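These are my notebook entries on a two-chain model. I set down what I looked up, item by item.

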Amino acid sequence: MSYRALYRVWRSQRFEDLVGQEHVTRTLQNAIMEQQLSHAYLFSGPRGTGKTSAAKIFAKAVNCENGPAAEPCNQCEMCRQITDGSSMDVFEMDAASNRGVDEIRDLRDKVKYAPTEARYKVYIIDEVHMLTTEAFNALLKTLEEPPPHVIFILATTEPHKLLPTIISRCQRFSFRRISFEVIVKRLQLICDTNQIRYEDQALFTLARTADGGMRDALSLLDQTIAFGGEDLTEEVVRLVLGIVSKEMMYQLVHGIHEQDPSLILQLLDQLSAEGNEPDRILYDLVYTCRDLLLIQTAPKVAKLQGAEQNGPTEELAKKVTTARLQAILDSLLQDQPHLKHVSNPRIFLEMSLLRAMNEGASSDRDTGSSSQEIQLLHQKIEQLEKIVDRLVRPSDDQAQVIVNRDSSSIEVAPRKSPPRSSIQRGKKLSSQLLAKTSPKALQKIQQSWGDILHKVRNERVTVHAWLVNGEPVAATDQVVILAFKTEIHCETTERQPNRGIIEQVISQILQHTYQIQTVMWSDWELVQPEEEQKSSSEMVEDRVVSKRQEESPNQMDSVRDSSIVDQAITIFGKDLVQIKKD
Amino acid sequence: MSFQSYKDQKRVIEFLQTAIRQDRVAHGYLFYGPKGTYKREIALEFAKAINCEKSQLDPCDECPTCKQIESGNHPDVLVIEPDGNMIKMEQIKQLQHRFRYQSAQGMTRVVILDSADQMRIETANTLLKFLEEPTSPMLAILITEQEKSIVQTVRSRCQSVRFVEPTWLEQAKMWQAHGIQPPMNYVLAQCSQKFEQLEMDSEELERIFRHVIDWSQLLVNKQSTAIVTIQEPWFQELIQKKQVTLILDFLMIWLRYVSRSAIGMADENMAGFAEQGSSQAKRTTQSACAKLIEQVMITRKLVARPELSNQSLIEQFVIRIQKDAPSDWTKLGYN
């Protein structure tokens with residue numbers, strides 16, 4: 001005999017094997033014991049829940065030579081004949097292939113004759129929803145009043161397709177989807193019997209994919225064993241089912257949470273290169289989010305459902321808020337149905353994840369607007385505290401004064417912004433401010449610069465017209481430096497209320513207050529070499545130096561120095577000025 | 001031919017061979033995956049492998065059985081294809097009839113149902129019993145592009161085998177083999193265009209792509225002249241030829257490239273367009289591009305419908321973008 005699929009080998013042969021359908025089996029068993037058999041039964045329920053198996057067991061139980069008993073003996077001649085389908089009195093009819101009125105007429109004619117060996121003639125009509133209306137109607141009369149020795153069992157996955165007149169003539173039993181835990185238990189039993197070593201997590205994954213169908217679960221188990229041999233690891237299951245690895249999924253969720261588009265795209269590129277299908281990735285991502293939600297809200301259920309609760313999961317579950325997860329999940333679920341229909345699913349997936357990233361954040365924004373305001377206030381208070389601190393502390397040396405002036409130009413600048421000459425601006429840039437610039441802050445600004453421009457344009461077109469000529473060249477946590485090519489653009493952007501509008505838009509989009517600082521390109525290019533140096537390893541050292549300078553009156557000189565140099569350059573031009581240090 | 005000729009599907013072949021080696025060949029398989037992944041060819045190889053007289057993991061291609069299967073006239077290896085549009089009930093009934101008795105040579109019968117999704121529900125249901133409990137040793141292989149297009153009850157009786165779509169780089173090589181030179185071969189690899197339908201050479205394609213890039217600039221900036229572009233001869237020519245999908249695909253790919261450039265993740269394989277990409281990326285954002293792409297995708301879907309005029313669809317698309325209208329998937333009319 002050639003190889004038989006696991007789901008055929010492990011087809012239930014006794015009522016007690018019929019796991020997950022206790023409500024059905026108990027009723028049937030009691031009916032047999034009390035001799036209160038109906039002449040027609042209708043078994044309905046999703047695929048792989050045991051309808052056909054139950055019908056066969058029932059046929060055996062009523063006909064068993066050692067019975068009728070609550071369980072068939074599976075030993076006697078009768079039971080064995082029914083099991084291998086050779087009994088003369090138990091007919092298994094495939095209604096999908098024999099759906100016409102002729103077949104039913106034929107059946108009706110034969111029903112009359114008494115059973116040859118068994119007590120009852122049992123007709124199991126499988127996939128009964130496929131019968132044509134005429135065939136159903138031909139069956140009606142027989143179904144209502146069959147001869148006493150006949151039992152009909154109709155099995156179907158789609159009871160709503162049956163005529164109400166058929167349903168009303170049957171005792172109806174609804175089979176339920178088999179629960180996750182029951183499937184896992186059954187899989188464990190089968191693995192143990194076949195001496196297959198397994199990882200719990202592997203079985204969880206199988207059971208989840210089976211989605212309530214025992215046959216699906218066994219089919220999948222078969223498939224994984226065929227691929228991976230006697231060792232059933234999660235890795236093998238993932239390979240066979242094409243499931244994306246957990247770590248990748250966590251990283252993706254992490255990327256969405258952190259709003260890091262480049263991380264998300266990198267991961268997606270990698271997944272595509274490994275041959276993962278876009279719809280599978282989305283499906284798995286939805287499940288990962290759901291797991292995280294479960295862990296957050298109902299840890300007990302999560303455990304039962306096989307959601308892994310190890311280090312990375314917990315960490316992630318703690319980091320992402322429930323509201324955020326819901327928003328992400330919502331956005332993903334909205335996109336899921338479209339994925340099947342678009343011509344280029346991979347690009348759609350990329351877009352969908354990036355949108356989930358943004359939408360999740362915007363929901364955070366909606367709910368957390370008050371906390372954001374508080375944050376703003378905190379910042380303001382901090383600034384004020386600093387100023388108060390300085391005022392209270394007796395300023396005994398000159399350096400203090402300079403620091404004071406310096407920081408006020410950075411932090412309180414917007415209130416008093418008289419038109420400055422470019423020389424002053426150059427000086428300002430070369431000071432403390434530049435030390436604080438970081439490429440990361442700049443990147444953040446640059447990424448949303450388009451958005452900022454767009455919003456400014458909506459607010460006031462004229463401001464946009466000025467601003468569009470500038471480009472962010474450096475940024476600290478508080479200040480954005482914009483470089484302009486022409487003086488007029490530079491000056492006008494700096495002036496109120498233009499400046500106020502721009503700053504307001506930036507703070508709306510980035511959720512953080514920034515001040516803008518304008519600079520001419522020519523000036524910027526002068527300071528840039530210094531800037532580049534700073535980004536290298538000398539940066540730390542540099543900062544130390546500048547701190548020291550703050551404390552010593554030397555600072556004064558250096559500032560004056562650079563302003564003198566700047567002045568010299570503006571007067572004589574860049575090419576003619578040579579800087580010599582002594 | 002043998003398994004070795006299909007290197008792209010290494011995982012599938014490994015899976016099938018392990019099943020043979022472990023004597024765990026199921027009686028129902030569902031091969032699914034996009035077009036051009038050699039599903040049918042591998043199904044035939046599989047049929048050969050399990051019946052090969054030398055009983056090798058890789059069919060020998062020399063024994064009479066292999067040869068017969070190769071030439072398509074083995075009595076026990078059947079390929080069923082849609083008769084007209086559909087696989088008919090009659091075909092399945094004949095098949096069941098034929099498979100009722102054990103085959104003479106004691107071999108495993110194989111039936112390959114190509115385009116198994118082209119079947120009415122009634123026909124698919126006929127398969128159910130036949131698939132679940134075959135009367136003689138047999139193997140059924142269902143082939144389809146979309147796994148979900150097969151009824152769930154049938155799917156639950158089969159082992160699903162996924163065929164991987166070749167990566168864009170591999171597809172680019174295929175396009176090159178069809179005479180499309182870089183960089184356009186990589187652009188086309190990302191499109192869902194088919195070899196047979198494309199009657200253009202690389203230069204013409206590149207010319208169109210450059211036009212699309214210019215057009216996209218207008219669209220991104222929401223300039224009112226974007227609608228005028230539709231009247232330009234190159235655009236009209238493509239509309240006449242019913243190849244608007246090509247424009248939309250190009251537009252989508254370009255926007256994707258720009259949006260990736262905007263966050264510093266430009267696709268290296270498109271280096272030829274790097275300059276334009278980065279200059280455009282400076283003036284837009286990733287999320288703006290994403291919105292546009294979504295509109296393109298919807299329009300791309302609508303354009304495929306014969307009852308709608310392409311010209312007006314494109315015009316509507318441009319206007320929607322200019323008005324910044326939200327994308328409306330419900331227009332596609334599916335649930």
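Is the crossing of α14(B) and α15(B) left-handed or right-handed? I find that α14(B) and α15(B) cross in a right-handed manner; a crossing is left-handed if the near helix is turned anticlockwise from the far one by less than a right angle, and right-handed if clockwise.

I note that this is a predicted model, in which local features need pLDDT of at least 70, side-chain atom pairs count only at pLDDT 80 or more, and totals for chains, interfaces and linings use all residues. Residues are numbered from 1 along each chain as its sequence is written, while chains are lettered from A and ligands numbered from 1 in the order in which they are written.

Entry: the helix pair in chain B. I looked up the packing of α14(B) with helix α15 (residues 310-323) of chain B and found an angle of about 165 degrees, with the axes 10 Å apart. Axes are lines fitted to C-alpha atoms, for helices over the stretch in contact, and angles run from 0 to 180 degrees between N-to-C directions. The angle therefore makes α14(B) roughly antiparallel to α15(B) (under 35 degrees is roughly parallel, over 145 roughly antiparallel, 65 to 115 roughly perpendicular, the rest oblique). From α14(B), B:L292, B:Q295, B:T299, B:L302 and B:V303 meet residues of α15(B) that include B:L313 and B:F317. I count two residues as in contact if their C-beta atoms, placed from the backbone, lie within 7 Å.

Entry: the interface. I find 47 residues of chain B in contact with 44 residues of chain A. On the chain B side, α14(B) gives the largest share, 9 residues. Helices (H or I, at least four residues) and strands (E, at least two) are DSSP runs, numbered from the N terminus.

Entry: chain A. I list 29 helices and 10 strands in chain A. In α14(A), the buried residues include A:I281, A:L285 and A:L292.

Entry: a helix pair in chain A. I looked up helix α23 (residues 439-459) and helix α26 (residues 498-510) of chain A, whose axes come within 9 Å and cross at roughly 125 degrees. That makes α23(A) oblique to α26(A). The crossing of α23(A) and α26(A) is right-handed. Among the residues that meet here are A:I452 and A:V456 in α23(A) and A:I502 and A:V505 in α26(A).

Definitions and conventions:
Buried ≥ 20, exposed ≤ 12 C-beta atoms within 10 Å, placed from the backbone.
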